[in-house]
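Colleague: Could you please show me the model, so that we can go through it together?

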Amino acid sequence: MQDLAGKRIVLGLTGGIACYKSAYLCRLLVKAGAMVQVVMTQAAAQFITPVTMQALSGRAIYDSQWDARAPDNMAHIRLSREADAIVLAPCSADFIARLAHGRADELLSLTCLARPIERVPLLIAPAMNREMWAHPGTQRNLAQVRADGAIVLDVGAGPQACGEEGDGRMLEPEELLEDIVAHFQPKRLTGQRVLVTAGPTFEAIDPVRGITNHSSGKMGFAIARAAHEAGAQVTLVAGPVHLPTPRGVRRVDVISARDMLAACTAAADAADVFVATAAVADWRPLHTSAHKIKKDGSGRANALELTENPDILHTLAQSVRARSGQLFCVGFAAESDNLATHAKAKRERKGVPLLVGNIGPQTFGQDDNSLLLVDARTTRELPRAPKLALARELIAEIAARLPASRLPA
Ligand code: C5P
């Protein structure tokens, strides 16, 4: 998906070994549709060559305020006026100190200082040794650059190039891309708390077997990501799936439907929106055997008796908070045919204001999907598209249905 199509990004590199990750970040930004203009400090050029960055960005880099290419010789003005965002990755401790003081004695700091603050955001991806990161001087400078309007992205923890281990690593390029993309999404759910279920559940028969289904969790994970991008605080209750947690999302892993219900009930009091995307197993074995069940020669699974699982969506939709309008509940329906009819009936049966229908075999495990949104008055089709694109549209539809008093002005 070209999440950054048409965006112009100044990618600033300062001196640090994490510059080796900036090459791949540049590639990811270009693949996401951005026009990337690289600006490097002299220290950055000690770690990675301008040739590499030029080849990956597809444009000659800038590294000097005396560069005569700009007709008026004011590269810092043109670069900062043309950008939709300036991203500093890596941003060294020294460069943060420069920003904190409003220094402007080389091109990159000059460009940051010259940017129109209200229109061109400055995103900073710090990278340094853990002691430098923890130093009160660095933390003081970070507080100052935040107060001056910069957005300071997280740092990672783990082994560092110096051989030590701790906080201060630059985020991985994929993580930075996710944060940059999120930055550009409209903040429709600022201040809202969103609870999402995703994936299948697994109902143990015995220690080695269970009942589950083919749900990949991709739609629910996309919804959690889209809600976070929209500014919400997100809790994602996930059944057994192999998917990375979206950035900034709190994830609670569960196995069975009853675990999922317990996790959702615990989180629902602190939620404003509940989106039930999980393909919860309808049935579970009445008894889970402590030992592997052996064939007994009868040709039948005599020990296997099933009982119905609790309906998580229905339970939460009947809660006092949902009934009083404090918890907006959204259900999903995976059908094989007659989507509109089944979805309308399911919306009423589940007692939710919004139900999202999709065709089961066309969504399970796929990266694309199409959705049918059904509320009390209307139906709306969202044609086939990547799940993340659909998730963003669904978030917009949810935001439009929340009481105006709960949303950002
Ligand atoms: O009844 P059915 O499984 O078709 O309903 C689908 C919707 O209900 C989905 O939103 C699903 O997450 C939710 N559900 C649930 N708990 C169940 C079964 C379904 O939350 N036990």
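Colleague: Let us start with Arg-98: is it buried or exposed?
Modeller: Arg-98 counts as buried, at 18% relative accessibility. Here, buried means under 20% relative accessible area, exposed means over 50%, and partly exposed lies in between (1.4 Å probe, protein chains only). This is a predicted model, in which local features need pLDDT of at least 70 and side-chain atom pairs count only at pLDDT 80 or more, while totals for chains, interfaces and linings use all residues. Residues are numbered from 1 along each chain as its sequence is written, and side-chain values use heavy atoms, with hydrogens and water left out.

Colleague: Which residue does Arg-98 meet in a salt bridge?
Modeller: The partner is Asp-105, at 2.6 Å from N to O. Asp-105 counts as partly exposed, at 35% relative accessibility. A salt bridge is a side-chain nitrogen of Lys or Arg within 4 Å of a carboxyl oxygen of Asp or Glu.

Colleague: How many salt bridges does that rule give?
Modeller: The count comes to 26. One of them joins the side chains of Asp-84 and Arg-8, at 3.6 Å from N to O. These two residues are 76 residues apart and link distant parts of the chain: Arg-8 belongs to strand E1 (residues 8-13), and Asp-84 to the loop between helix H4 (75-82) and strand E3 (85-91). Helices (H or I, at least four residues) and strands (E, at least two) are DSSP runs, numbered from the N terminus. Asp-84 is partly exposed at 23% relative accessibility, and Arg-8 is partly exposed at 35%.

Colleague: And Arg-247, which residue does it form a salt bridge with?
Modeller: With Glu-175; the closest N and O atoms are 3.8 Å apart. Arg-247 sits in the loop between strand E11 (233-238) and strand E12 (250-253), whereas Glu-175 is in helix H9 (residues 173-184), so this pair ties together parts that are 72 residues apart in sequence. Arg-247 counts as buried at 15% relative accessibility, while Glu-175 counts as partly exposed at 29%. There is also a network of salt bridges, which links Asp-375, Arg-380, Glu-393, Glu-397 and Arg-401.

Colleague: Changing topic: what is the strand order in the open sheet of 5 strands?
Modeller: The order is E2-E1-E3-E4-E5, and the pairing is parallel. Two strands pair if DSSP finds at least two bridges between them. Strand E2 (35-40) and strand E5 (151-152) are the edge strands, each pairing on one side only.

Colleague: How many bridges are there between E4 and E5?
Modeller: Strand E4 (residues 122-126) pairs with E5 over 2 bridges, in the parallel sense. Within this pairing, Leu-123 has Ile-151 in E5 as its bridge partner.

Colleague: Which strands does helix H6 lie across?
Modeller: H6 (residues 107-114) lies across E1, E2, E3 and E4, and runs at about 140° to E3. Axes are lines fitted to C-alpha atoms, for helices over the stretch in contact, and angles run from 0 to 180 degrees between N-to-C directions. Contact means heavy atoms within 4.5 Å.

Colleague: Let us turn to strand E16: how many of its residues are buried?
Modeller: E16 (residues 328-335) is mostly covered, with 7 of its 8 residues buried. Strand E13 (residues 273-276) pairs with E16 in the parallel sense over 4 bridges, and Val-275 has Val-330 in E16 as its bridge partner. Strand E17 (residues 354-359) also runs parallel to E16, joined by 6 bridges. From E16 the chain crosses through helix H14 (residues 339-350) to E17, in a right-handed β-α-β crossover. Right-handed means that, with the strands pointing away from the viewer, the path from the first strand over the helix to the second runs clockwise.

Colleague: Finally, into which domains is the protein divided?
Modeller: Domain 1 covers 8-184 and domain 2 covers 193-406; the bounds come from an automatic or database domain assignment. Their C-alpha centres lie 39 Å apart. At the contact between them, 7 residues of domain 1 touch 5 residues of domain 2.
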